[in-house]
Amino acid sequence: MTVTSTRCSSTDLWTPVCRRDQLAPGWGEAALLGDTQVALFLVVEQVGCAGRVYAVSNLDPATGAAVISRGIVGSRSGCPTIASPLHKDVFDLSTGDCLTRTDLRLPVWAVREVDGLIELAPGKG
């Protein structure tokens, strides 16, 4: 998929990535934005809830491998998490903080939904 960026204001750069209905709850999907790989996750915290979409770098910070989208979705203390499929390091999807190693962190992308279309912008929003 080729995506182009649109500038919504002087400080926001949003890129359309996919439709919400293209994401499966509890599974990761990888998207390529220019030369940057992003992992998207639709996390449903309770039955009947539409869920929330999270976006983080797809690159495992311990190895540089593009595998985070294939990690295991879970939660710790009510916070949604992703465990790297390589070394099982666990990251908070909201902040990118690693819960198993303080020296690691995943870059987090801002996510918004406009008429069912998921858009991303660099940095936490």
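1. The side chains of Ser84 and Asp60 make a polar contact, at 2.4 Å. Bear in mind that this is a predicted model.

2. Where does Ser84 sit in the chain? Ser84 lies in a loop. Strand E7 (79-83) comes on one side of that loop, and strand E8 (90-92) on the other.

3. Is Ser84 buried or exposed? Its relative accessible area is 1%. Buried means under 20%, so Ser84 counts as buried.

4. Look next at what surrounds Ser84. Setting aside neighbours within four places in sequence, Ser84 is in contact with Asp60, Val67, Ile68, Asp89 and Phe91.

5. Now the strands. E6, E7 and E8 form an open sheet of 3 strands, in the order E6-E7-E8. The pairing is antiparallel. Strand E6 (72-76) and E8 are the edge strands, and each pairs on one side only. On average, neighbouring strands of this sheet are turned by 35° against each other, direction ignored.

6. How many bridges join E6 to E7? There are 5, and the two strands run antiparallel.

7. Last, the cysteines. A disulfide is a covalent bond between the sulfur atoms of two cysteines. A search of the whole structure finds 0 disulfides. Cys79 has 31% relative accessibility and counts as partly exposed. Cys98 is buried, at 9% relative accessible area.

Terms used:
Residues numbered from 1 in each chain as written. Predicted model: local features only at pLDDT ≥ 70, side-chain atom pairs only at ≥ 80, totals over all residues. Heavy atoms only, no water. Helix = DSSP H or I, 4+ residues; strand = E, 2+ residues; numbered from the N terminus. Buried < 20%, exposed > 50% of the residue type's maximum accessible area, 1.4 Å probe, protein only. Polar contact = N/O pair within 3.5 Å; in protein donor to acceptor, adjacent residues only side chain to side chain. Contact = heavy atoms within 4.5 Å. Disulfide = S-S within 2.5 Å. Pairing = 2+ DSSP bridges. Axes fitted to C-alpha atoms, helices over the stretch in contact; angles between N-to-C directions.
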